[in-house]
Structures are given as structure tokens and as C-alpha cells.
Amino acid sequence: MDEFRDPREPRDGHAAGTAHETRTGLLPLAREIAVQTCSLVAPRRCPCGRDGAWLCPQCTQMLTARPMRVETCCDALQELTAARIRPELREGVALPAGVDHAPVLPVLALGEYTGALQHLVLAWKNGGMAHLGARLAPALAPAVTTLAVAGGVRRPHLVPVPSRRSARLRRGEDHTAELVHALGRSGAGRALPLRAVPTTAQEGRGARQRRTRRIRLSGGTVRRAGAAGARVVILDDVVTTGATLRGMHDALTQAGMQVLGAVVVASARVPAAGTSRIPDPS
């Protein structure tokens, strides 16, 4: 009866399986061909400069670092708590003459704004690589969780630091707002973008002037969140002196909200190595 068999038809189950495996094996090859073809138009390149991936393994590993506390490195966040004109003995401890400061809020960062982390932030913020926000969100989620647990809330509201309209037009998006929405989708918190306007630009100002930055909040969402005493976490890309975070803290507090802290991708300065990493919240 073999003379009536279609020569293209497999003669047994093994042959059929082999044909199926061949077709299955072609799928990854087809996908790779499509990826390589697309890369001719939009090359896959990591912000650190490595080719072949939107985010290389080394930079991916960098985003798994536990967040660090950096508020002590932010001058604008320090508040005077005590002043001594002469040495004092307090609870058995000799304190020299001077002043004591305490930060107005905790600030957590993935690391120092240098090297590969700096390249990543700049590519995400100004380099048109908006897709990196989806990679940064899960990296920042543990920091949000840490502040939420300390504040006694399961899912805090996440408030992005506002960008000036000119910056949003230049970038084509509001990158911190997009980051907040990505964090909201991850379950770390609830996005709460507010109508906020920075009243003072930081560029071209001296160190003393950069210590203060006023931010104006307006709109019904602000009033409702303030009336409910919403507990919020501030999100930003980079902290330097902390003036912007201080301005956001003051504006949110005056509106009636409780600020649990701030989370940033990177900090211009970080404490000494090995002294600032927070425990893994899991």
C-alpha cells in the first residue's frame, strides 16, 4: 500500500516528531533574525556602551543592589536640632561645642551618581531610552516597601517630583511620572501624580541658593489627598543637595499629607561604604 502514500507524508511517528522538532527549532532562529533586522534601525545598546542588549547583564546586576540611606549627605535636608557654645556632658557622653542636625526625611537610593548608574540615569532621562523606566521600577520597589513598613502602611501613595514644562517638552515625556506609574503597576504603591510647579529653577544658582526650592501644589487631587491625610513617598531621579526633596516635603506637609520619605535612583554623594545599606525587606 506504500505506493499510494504521499511521498511528503512521514512514514512513522518518529519521522513526524522529527519534522515537528525541526519546525519548532526554526522559531528561535526566526525571532533572532527579526531582532537583528530591527537592530539595524534601532541598535540594541546598553547605556554603559555594550552592544547586543538594551540592558547588559552587568547593569542588570547593578539594579539588584539593596537601597542605601543617603539623607545625611544632603545639606538642604538637615535641620538644626541643638547648639552648644561650650562642651557639654550629656548622659555620660562628652559633646564638643558645635551644632547638631537631623534630616527632615529619610532618602533611599540605589547608589552613587557615577559610572554605569550615571549612564543609565542619563539615558533614561535625556537619552530617549524611556523603556528603562520599566527596569528601574522593580529595582526601586524594595526602597518603597522599606519606607512603607516604617510608616505603618501597606501601599503608600507615590508622588513624582515635578519637571518644568520645557524639560518635559524636550524629553517628550514626564519621566518621573512614568516611573511612578510603573511602580504602581508593580504593586509597590499607588501612583499619585499631583499638579505641582517648581517655582525656582536650580541651574545657575549658588550653593546657598540651591538649599531652598519652593514648589506650589494645586488642584482637587491635592485637596482630597490632604484632607485624607494620605501617606506618601516622593520619587525622583537624582538627589544632590536635597533642595527639591525639601521643597516637595514642605509643600506636601502643608497640604496635609504625611511624607514617609523619598526614593531616588541615584545620589550625588553617598555615606562611607558599608554603613548605609538597608536590610532586605523580604
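**Close-up views of a predicted model**

**View 1. Cys 48, a partly exposed cysteine.** Cys 48 has a relative accessibility of 28%, so it counts as partly exposed.

**View 2. Cys 74, a buried cysteine.** Is Cys 74 buried or exposed? Cys 74 is buried, with 0% relative accessible area. Look for the closest cysteine sulfur and you land on Cys 73, 6.5 Å off, which is too far for a bond. As for the disulfide count, it comes to zero.

View 3. Of the chain's elements, strand E12 (residues 258-267) has the highest mean, 97, while helix H1 (residues 13-41) has the lowest, 56. Take residues 1-6 with some caution: pLDDT stays under 50 there, and the model gives this stretch three contacts beyond four places in sequence.

**View 4. An open sheet of six strands.** Follow the strands across and you get the order E1-E6-E12-E11-E7-E8, with mixed pairing. Which strands stand at the edges? They are E1 (68-69) and E8 (190-191); each has a single partner strand, so one side of each is left without a neighbour in the sheet. Strand E7 (residues 157-160) pairs with E8 in the parallel sense, over two bridges. Across from Arg 190 in E8 you'll find His 157.

**View 5. Two helices packed on the sheet.** Helix H4 (residues 133-151) packs on the sheet and touches strand E6 (107-112), E7, strand E11 (231-239) and E12. The direction of H4 makes about 150 degrees with that of E12. Helix H6 (residues 175-186) packs on the sheet too, touching E7, E8 and E11. The direction of H6 makes about 165 degrees with that of E7.

View 6. With 12 residues at 1.5 Å a residue, H6 should span 16 Å, and its end C-alpha atoms are 17 Å apart, which agrees. The buried residues of H6 include His 175, Leu 179, Val 180 and Leu 183. In an α-helix there are 3.6 residues a turn, so residues three or four places apart point the same way. Just past the end of H6 comes Gly 187, with a positive phi of about 95 degrees.

Conventions. Residues numbered from 1 in each chain as written. Predicted model: local features only at pLDDT ≥ 70, side-chain atom pairs only at ≥ 80, totals over all residues. Heavy atoms only, no water. pLDDT = per-residue confidence, 0-100. Helix = DSSP H or I, 4+ residues; strand = E, 2+ residues; numbered from the N terminus. Contact = heavy atoms within 4.5 Å. Disulfide = S-S within 2.5 Å. Buried < 20%, exposed > 50% of the residue type's maximum accessible area, 1.4 Å probe, protein only. Pairing = 2+ DSSP bridges. Axes fitted to C-alpha atoms, helices over the stretch in contact; angles between N-to-C directions. Expected span 1.5 Å × (residues − 1).
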